[in-house]
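This report walks through one protein model, from its overall surface to a few individual residues. Please keep the sequence and the structure in view while reading.

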Amino acid sequence: MAEQPKDSGSASNTNPLVRMTLDEALDKINVLEASTKTLDIQLKQVTEERNQANSVLHAQVRASFLNKARGLTQIPETSLHKMGNDELESIVRLAEQIKRPNPKSIMFNADSNRNEGLIDLYGERMKKYGSR
């Protein structure tokens, strides 16, 4: 068997050389730079539009919380305007909970060991007035 000679250029066979002229390379660079500039401009425009939309939504949420807080609390207007949206949201939630508490059922019976004959006050109220 004859031994095959080792080819030092075998790497070049698997990765063919790319040949282009200097003008072609410069043209590709110019095209890529132009497309990068276009993408940068579009990114800035989209970012500005997103920021504007977010500020509008932020203002709408803030106005909603301010209106609810005015109706539910006696906090001065100047104090409300100093608060952030998170603070306003927590104040509105707390005020709503205070205004409409979640009542628990209270059962009365002379003999606490037996379950028969118990009166569920909350259930009776719901039967009489219905859920609101």
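The accessible surface of the protein comes to about 11,900 Å², and 55% of that area belongs to carbon and sulfur atoms; such areas come from the Shrake-Rupley method with a 1.4 Å probe, and for residues only the protein chains shown count as cover. This is a predicted model, in which local features need pLDDT of at least 70 and side-chain atom pairs count only at pLDDT 80 or more, whereas totals for chains, interfaces and linings use all residues. Residues are numbered from 1 along each chain as its sequence is written, and side-chain values use heavy atoms, with hydrogens and water left out.

**Overall build**

The secondary structure comes to 5 helices and 2 strands, where helices (H or I, at least four residues) and strands (E, at least two) are DSSP runs numbered from the N terminus. Read along the sequence, these elements follow the pattern α-α-α-α-β-β-α. Of the 132 residues in the protein, 10% are buried; here buried means under 20% relative accessible area, exposed means over 50%, and partly exposed lies in between, with a 1.4 Å probe and protein chains only. Among the contacts with a separation of 6 or more, 17% are between residues 24 or more positions apart, a contact being heavy atoms within 4.5 Å.

**The nonpolar core**

Which residues make up the largest nonpolar core? It consists of 8 residues in all, namely Phe 65, Leu 66, Ala 69, Leu 80, Met 83, Leu 88, Ile 91 and Val 92. The elements that give two or more residues to this core are H2 and H4. A nonpolar core is defined as a set of buried Ala, Val, Leu, Ile, Met, Phe, Trp, Tyr and Cys residues joined through side-chain atoms within 4.5 Å. In soluble globular proteins, nonpolar side chains tend to be buried together.

Leu 66, which has its place in helix H2, is buried because its relative accessible area is 6%. Leaving aside neighbours within four places in sequence, Leu 66 is in contact with Leu 80, His 81 and Leu 88. Leu 66 and Leu 88 are 22 residues apart in sequence, while their C-alpha atoms are 7.0 Å apart in space.

**Asn 85 and its contacts**

Asn 85 is found in helix H4, and its relative accessibility is 12%, so this residue counts as buried. Beyond residues up to four places away in sequence, Asn 85 touches His 58, Val 61, Arg 62 and Phe 65.

**Charged pairs**

How many salt bridges does a search of the whole structure find? The search finds 2 salt bridges, each being a side-chain nitrogen of Lys or Arg within 4 Å of a carboxyl oxygen of Asp or Glu. Side chains of opposite charge can pair when their charged atoms come close.

| Salt bridge | N to O distance |
|---|---|
| Arg 70 and Glu 77 | 2.6 Å |
| Glu 89 and Arg 93 | 2.9 Å |

In the pair of Arg 70 and Glu 77, Arg 70 counts as partly exposed at 37% relative accessibility, and Glu 77 is also partly exposed, with a relative accessible area of 33%. Glu 89 and Arg 93 both lie in helix H4, 4 residues apart, which is about one turn of the helix. Arg 93 counts as exposed because its relative accessibility is 53%, whereas Glu 89 is partly exposed, with a relative accessible area of 26%. The C-alpha atoms of Glu 89 and Val 61, which are 28 residues apart along the chain, are separated by 9.3 Å.

**A nonpolar patch on the surface**

Leu 22, Leu 26 and Ile 29 form a nonpolar patch on the surface, and together they have about 300 Å² of accessible area. Patches are made of residues with over 30% relative accessible area and no salt bridge, in which like charges are joined within 9 Å and nonpolar side chains (Val, Leu, Ile, Met, Phe, Trp, Tyr) within 5 Å. Leu 26 is found in helix H2, which covers residues 22-72, and Leu 26 counts as partly exposed because its relative accessible area is 42%.
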